[in-house]
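Open the model in your viewer and keep the sequence panel beside it.

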Amino acid sequence: MGNYKAFSFFNNRALFILALSLFCVNHDSVAQEIRASLDTNQIKIGEQINYKIEVVADSSAQIKFTEGQSFLPLEVVETSLDTLTAKEKLKFIKNYTITSFDAGEYILPGQTVSVNNYNFYTDSLAVKVLDVEVDTTKQKLYPVKESIYYEPPLSFNYWILAGILVLVLILLVLGIYLRKKKSSQKAKLPPFEQALLRLKELDQQDLLAQGKEKRFYTVLTEALKGYVDEEIDARALESTTSEFIALLKAKQNQGKLLLENELIDEFELFLKRADLVKFAGFKQGKLAAKEDRKRIEKYLQDLKTAIPAPTLEELQQDEAYLTAQRKKQKKRQLIYAGLIVLGVAIASGTAFTAFKGTDFVRELLVYDTNKELLNQEWISSNYGYPEVKIITPQVLIRRLQDQINKTDVPQGGSVEEFYYGTMSAPYHIVVRTMVYPEKTQFNLDQSIAAIQQDLEKIGAKNILVKDEDFTTIDGIKGKKVYGSFSYSPEKKEQTIRKSYQILNFGYQGAFQQIILIYPDQDSYAQEITSRIVNSVELNTAKK
């Protein structure tokens, strides 16, 4: 019995090992039919690699390949899948087109292939991406050409066009002004002379010969009523015939018009005839119309003599009125002249701005301190210890020791500062040099990190900070901190935006710093900054 149990246990164990071996053999046989390959293992930046996975399996097998960006940091450009028949089986070929724009050596990770829900992995493959080499020894070198002034084409024509536009505007405004002046002078004639002038112009028009009898009587009526409107009652010109006659009789009763009743009746008869011609199309005839023209001139004479002489009080009122009118006229003339000057200025400014740009106009109208600094003779000098040599538009002034902020200076160290301008000035320069005791460990990164706090102490707000490596013309490496901030000058509510560049150089035992602060978006200040930064030389004897 014991032997049977041992035999049975042995048989079961053997069967288990045999089944496990068959499974592994079957699994490995499938895995051995999966192969990955490259058409090349070395490319230049931007070139492409063809990565191919081949799988041989039964036609009923379910095959799944990896999709997406599975070759990072390399990039998959496109993929494709082909199927071939191979000895009663199918051959699946998955193609990946891969590229890279960064030089270096890369390991392509193994890709997952699923065969009937079993995952298999391809081998990792090495790829090398080469940078594009440029052989400067075969390229001829030429000296830097001198800069030449370039006049934009057609600029002279633009100036002519601008001048013509301004001249046309001046002539147009002047013509309108002269026309108004002429009409105002005509209106300044006394009412009686103005009425006679209207009759004289009517004779020159010869409307009767043209058959314009209606227009002829309209002018006669306006001459009569217009005179009464100016001299007697301002309602006369807009009144009807009956209203006009009633107005004359009312003035007669008030003693303000010394007219006979018969003359008023004649006025009424004339106005009724004129109404028939104007509104009913009645033909009066040339001879009768000319007689009416003569009557109107006589009626005007009669009305002039019928107006009594003004009293002293009325004369004084008239004089005050005329004085007020003259003042108003003078004021209008000044306004017209001011509008002409303003129009010419606007037109000229628009033309200059359109053809020369806003900077050109600003230079003409506004004094620019930084432009003067840029164009004057610059000075090269050494400052502090260890020495900082730079060129500046003005000599920097040594700051007194009791005015220097020494919070960051360790015991036993020394500091010197030289400056030009202030924070509120158009341009501000500070050169700062420090010497540390020999055993003091200097940390440049710590000094740079404290720059934002230093800016806040002098009133800077909304500070934007960036930094980058910097090398002087003599090969000394340091850090450049730059950016912008908002600043409000003392006793002013206005907030202005300032740009800054701070060059920092530190080594064991010494620290050198150049601070440049100037208005944001100021092209002249930016050019000044570029010249100063490019001129920096350091004495590193302490090093």
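Helices (H or I, at least four residues) and strands (E, at least two) are DSSP runs, numbered from the N terminus. An axis is a line fitted to C-alpha atoms, for helices over the stretch in contact, and angles run from 0 to 180 degrees between N-to-C directions. This is a predicted model, in which local features need pLDDT of at least 70 and side-chain atom pairs count only at pLDDT 80 or more, while totals for chains, interfaces and linings use all residues. Residues are numbered from 1 along each chain as its sequence is written, and side-chain values use heavy atoms, with hydrogens and water left out.

**The helix pair**

Select residues 191-205, helix α3, and residues 286-306, helix α7. Their axes come within 11 Å and cross at roughly 175°. Angles over 145 degrees count as roughly antiparallel, so α3 is roughly antiparallel to α7.

Which residues of α3 meet α7? Show F192, A195, L196, L199 and D203 in α3; they meet R293, I296, E297, L300, Q301 and K304 in α7. Contact here means heavy atoms within 4.5 Å. By class, the contact has six nonpolar residues (Ala, Val, Leu, Ile, Met, Phe, Trp, Tyr, Cys and Pro), four charged (Asp, Glu, Lys and Arg) and one polar (the others, Gly among them).

**The whole chain**

Now select the protein chain, which has 13 helices and 20 strands. Of its 543 residues, 32% are buried, meaning under 20% relative accessible area with a 1.4 Å probe, protein chains only. Among contacts between residues at least 6 apart in sequence, 58% join residues at least 24 apart.

**Two cis peptide bonds**

Most residues other than glycine have a negative phi, and most peptide bonds are trans. Go to P73, in the loop between β4 (63-65) and β5 (75-86). The peptide bond from L72 to P73 is cis, with omega near 10°. Next, find P386 in the loop between β11 (379-383) and β12 (388-392). The bond from Y385 to P386 is also cis, with omega near -5°.

**Two positive phi angles**

Select D206, in the loop between α3 and α4 (213-231). D206 is not a glycine, yet its phi is positive, about 55°. Is D206 buried or partly exposed? Its relative accessible area is 42%, which means partly exposed, between 20% and 50%.

End at Q521, between β19 (510-519) and α13 (523-533). Q521 also has a positive phi, about 65°, without being a glycine. At 67% relative accessibility Q521 counts as exposed, the term for over 50%.

Methods:
Angles under 35 degrees count as roughly parallel, over 145 as roughly antiparallel, 65 to 115 as roughly perpendicular and the rest as oblique.
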